[in-house]
Amino acid sequence: MKMEKENIIGLKVAAIENRKKILRMIFKAHSGHLGGSLSIIDILTAIYALDVDFAAQERSRVILSKGHAVPAQYAVLNSLGIVKDEELDTLRQINSRLQGHPCITKLKEIDATTGLLGQGLSQGIGMALAKKINGDNHRVYVIVGDGEMNEGQIWEALMQSAHYSLDNLILIVDRNKLCLSGEVDKVMSIGDITSKIKAFGWNVQQIDGHNMEQIVNALHTAQIPLGKPNAIICNTIKGKGVSFMENQIQWHSATLSENQYKQALIELEQQERDVFQ
Amino acid sequence: MKITIETVSLRDHVTEVLEKSLDDRIIVLDSDLSKSTGTSIFATRYPHRYIECGISEASAISIATGLAIEGKIPFYVGFSLFAICSAWTQLRMACYANANIKLIGTHPGIDNGYDGASHHANEDIALARSLPNMKIMVPASLQEFEAAIDLAIKTCGPVYIRCARDEIPPIPMSEQLLWGKSEIIYDNGNDYALIFEGTATKAAIEGFEILKRKGYLGKLINIRSIKPLDIDLIRKISTEVSVLLTVENHSVIGGLGGAVAESLASLSHHAPVIYVGIADIFTESGPTAELKSAYGISGEHVADSIIDFIGEKIG
C-alpha cells in the first residue's frame, strides 16, 4: 500500500513536532529519558496516525514496554488532544497524569502500565488473544528496546505469540544499540536479533527506524494477517534529531541546560524546514 | 445454616466451581499444571476459554493483565508458589494497573508436602498482602470457595484465592461471604480467641475441641478475608479475651499473624497475640499431615500454645 507523498511529509513534520515536545517535557521536569524517547518517536508517531482511532469503540492498542520512553507517548497523545498542552509541563511531578513510566490508572489512553522491562510483550499477547476471542480485528503494537531483549520474559512471550499464531500482534524493536551502561552488544549481546525472532516463528522486517517511507511500508506489511506474529526491527539512533545527543550514552537519562534546550530546538526547526525542501 | 458432611480438598473442585459461573468473560490460564490444579477438566470442556501458557509464570501473569485490560476476567490457576511468589513483579504491575485479574493458588503453605521446601508456599500471603489493590480470600469450606469465586468475579481488581490441597474438615457457614468480614464460628467464652485461615482449618478446629474438653472456653474465628482484614472485630475481641492465637498454614512472618498484630499494635490495651504457623525456616519433604504436625500446625500444638500461655486450669 503506497501512501500519498503529502501524508509522508505530514508524518515527518508531526514526528519533529513531537521531538520538540519531548525536549520541552524533560527540560521542564529536569528528569526523564531523552535518548530512547527520541529513537522511537518516528515509528510511534506513525503507528498512532495510521492505526489508532480513539473515537472508535474497538481499536488497536499500543503498549510501550520500554516505559522509560513514555515522554514520546505523551507527546503523541498531546498531538491527539488527549494530553493538554499545559499538562506537558507536569511530567514526573506530583498530581500529574504524566507519571515517570506509563500508568493506565492515571491516563487510560496509555493502554498498559509498564516500566519494569520485559513485561509489555506478554501483556500484548493477552490483548491480542482477547481480540481474537472477541472477533475484534484490530492490532496490538508492542514497543521494546534492544537492551530490554536481555529480559527472559521477552523470550517466553516470543514463544507464546508464535504458538498462538497471533498475527494481530506487532512487535517493534527499537534497535538503538545503546543501554544505560553502554553498547548493548558489549553489556550483553543480543546477537542476530532478526534470525532469532524468525527462528521463534515470527515474520520479521528490518528497516531504518527514522525513514518515514520505510516505516509506513513496514507497518502496512505487518498489518496483513498471515498467521504469524510480526516484528519490525527498527535500526535507530539514540537521541535522534539533536546532534549532540545522537549515539551518546550520557543522554539516556539526563537534564538539559537552557542553552542546550535552545540549541536542540534550533536544530529541530531547521529539520522541519528541510522537510519541505 | 449449611453444613458440609465430609472433608474436602478445595483443589478438587476448581473447575466445577468456575463453571458454575456462567460469565463467559472468564478465561482460565495455566502454566503446565492443569493436571495438578484440576483445570485440565476446564480445558477439555471450554477449550476456547482456556490458555495454556507453558512453563512461564512471569509471562502468564502479564498475559492475564493484558486479557483483563481487554475486558476479560482471567483466572490464573497454579500452585500458590507460582501464582504469587514466582512472578511477583509481574503481579505487582498487574496490581498497579488495578487489572481485573484473579489468582487461584492451590497447594498453599505446606499442602504440597512431598515436593519439599522448594514448592512449599509459606510466603504467599505476605507477598500478596503487601501489594496495593490486592484482595485476598482464604476459604475454609467448599461453600466458601464457591462464594469466594463468585465474589471475585463481582469484584473489579486483583483477587487472590488461597485454595487448600489438603483435606479440610466440615465447618458451619452461616454468614454471607464479604470482603473484610470474618465469622465467629463458636463463642464459648473469653479465655482466648483462636483466629485461623482456611487452609489451617483442621488444626484450628481440633485445637478448639481439645481446649473445650480441657475446660478452656474461647472463641473460634474464621478470618475468611485476609485483605481487607476485619480490623473492627479483631480490635473488639482483643479487649475481651486473655489472648489471641492466630493459626495459619504459612510463615509466622507477614501472614495472618502479622496482619492481626499490625491491626492491634497501635492500641494502648489489647490482649497479647501468639502465633501458630511455620517458623522462619525452610521446611522439608514429607506427607502433608505429618509435616503439619512436625511444624506445629496441629490441634495439639494449638491447644498447647493456649495452655502454655494461660496456665493449667485446676479442677
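## Ground rules

Residues count from 1 along each chain as its sequence is written, and chains are lettered from A, with ligands numbered from 1, in the order in which they are written. Because the model is predicted, local features need pLDDT of at least 70 and side-chain atom pairs count only at pLDDT 80 or more, while totals for chains, interfaces and linings use all residues.

## Where the chains touch

Let's start with the interface. Here 23 residues of chain B are in contact with 21 residues of chain A (contact means that C-beta atoms, placed from the backbone, lie within 7 Å). On the chain B side, helix 4 (57-69) and helix 6 (88-96) each supply at least two residues. Helices (H or I, at least four residues) and strands (E, at least two) are DSSP runs, numbered from the N terminus.

Helix 4 of chain B gives the largest share of that side, nine residues. By class, the side of chain B that touches chain A has 10 nonpolar, 11 polar and two charged residues. For the classes, Ala, Val, Leu, Ile, Met, Phe, Trp, Tyr, Cys and Pro count as nonpolar, Asp, Glu, Lys and Arg as charged, and the others, Gly among them, as polar.

## The two domains of chain B

Chain B splits into domain 1 (2-163) and domain 2 (176-309), with bounds from an automatic or database domain assignment. Their C-alpha centres lie 24 Å apart, and 27 residues of domain 1 of chain B are in contact with 32 residues of domain 2 of chain B.

On the domain 1 side, helix 7 (124-129), strand 6 (135-137) and helix 8 (142-154) of chain B are the elements that give two or more residues. Helix 8 of chain B has the largest share, four residues. That side of domain 1 of chain B holds 15 nonpolar, five polar and seven charged residues.

## Helix pairs in chain A

Helix 2 (residues 34-51) and helix 8 (residues 212-222) of chain A have axes that come within 10 Å and cross at roughly 50°. Axes are lines fitted to C-alpha atoms, for helices over the stretch in contact, and angles run from 0 to 180 degrees between N-to-C directions. The two helices of chain A are therefore oblique to each other (angles under 35 degrees count as roughly parallel, over 145 as roughly antiparallel, 65 to 115 as roughly perpendicular and the rest as oblique). D42(A), I43(A), A46(A), I47(A) and L50(A) of helix 2 meet M212(A), I215(A), V216(A) and L219(A) of helix 8. By class, this contact has eight nonpolar, no polar and one charged residues.

Helix 4 (residues 120-134) and helix 5 (residues 152-163) of chain A pack at about 25°, with axes 8 Å apart, which makes them roughly parallel. The contact between these helices of chain A has four nonpolar, four polar and no charged residues.

The peptide bond from K227(B) to P228(B) is cis, with omega near 0°. P228(B) sits in the loop between strand 12 and helix 10 of chain B.

N95(A) is exposed, with 5 other C-beta atoms within 10 Å, whereas D32(B) is partly exposed, with 15. On this scale a residue is buried if 20 or more other C-beta atoms lie within 10 Å of its own, exposed if 12 or fewer, and partly exposed in between, with C-beta atoms placed from the backbone.

Terms used: Two residues are in contact if their C-beta atoms, placed from the backbone, lie within 7 Å.
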